[in-house]
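Trainee: I have a chain open on screen. Can we go through its charged pairs together?

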Amino acid sequence: MNIDLSRFLDQTTASLHFDETLELDSIEVNGRKIIFTESINVVGDIYKVEGSDYLSGKVHFKYIENCARCLKEFTQEVSTVLSGKLIEKSQTKDFDDEDAIYYEDSSIDLKDLVINTIILSIPMKGLCSEDCKGLCSKCGKNLNEGNCDCVIEDVDPRLAKLKEFFK
């Protein structure tokens, strides 16, 4: 996913618009497999502000994963922001900023930056819905589909002896 900056850097154009797609099948994030259902769309602009070059864009993608509570497969759609200050790679000694986007030889490769943005935008725990009830800890039934007949007694082991008084 290379963007040619030559027309922008020699100031032929004041800004540069890009609309790119990235083809990825899947990525692994902290042991979770994220499967993309379609191409990742990256749209944005490169422009000058007070003598500095900036990139501002949006990353849009859809993915499938399993719910962390009920293990049901679900699809999630995410739009996130991609932005930073463009810095030539030869100037990396002089500039240290986490929002920096480095380019080399009048082109910028956004692939790694887009993947990092995707990883940061995926929730830590993938849930099919906010009110997902999960699975029964005894029989394994999906509690979103209905209650089970299991009797679960959660007794604090420190208070288990007190239960004998009520028998």
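**Salt bridges in a predicted model**

Mentor: Start with D53, which is buried at a relative accessible area of 10%. Keep in mind that the model is predicted.

Trainee: Which residue forms a salt bridge with D53?

Mentor: Look for a Lys or Arg side-chain nitrogen within 4 Å of a carboxyl oxygen of the Asp. Here the closest N and O atoms are 2.7 Å apart. The partner is K48.

Trainee: Is K48 buried, partly exposed or exposed?

Mentor: Buried needs under 20% relative accessible area, and exposed needs over 50%. K48 has 36% relative accessibility. That makes K48 partly exposed.

Trainee: How far apart in the chain are E65 and R32?

Mentor: The two form a salt bridge, with the closest N and O atoms 2.8 Å apart. E65 lies in strand 6, residues 52–66, and R32 in strand 4, residues 32–36. The pair links distant parts of the chain, with a separation of 33 residues.

Trainee: Why do E65 and R32 count as buried?

Mentor: The cut-off for buried is under 20%. R32 has 17% relative accessibility, so R32 counts as buried. E65 is buried too, because its relative accessible area is 4%.

Trainee: Which strand holds the residue that E77 pairs with?

Mentor: E77 forms a salt bridge with K62, the closest N and O atoms being 4.0 Å apart. E77 is in strand 7, residues 73–88, and the two residues are 15 apart. K62 sits in strand 6.

Trainee: How many salt bridges are there by this rule?

Mentor: K48 pairs with D53, E65 with R32, and E77 with K62. The count is three.

Technical notes
Residues numbered from 1 in each chain as written. Predicted model: local features only at pLDDT ≥ 70, side-chain atom pairs only at ≥ 80, totals over all residues. Heavy atoms only, no water. Helix = DSSP H or I, 4+ residues; strand = E, 2+ residues; numbered from the N terminus. Buried < 20%, exposed > 50% of the residue type's maximum accessible area, 1.4 Å probe, protein only.
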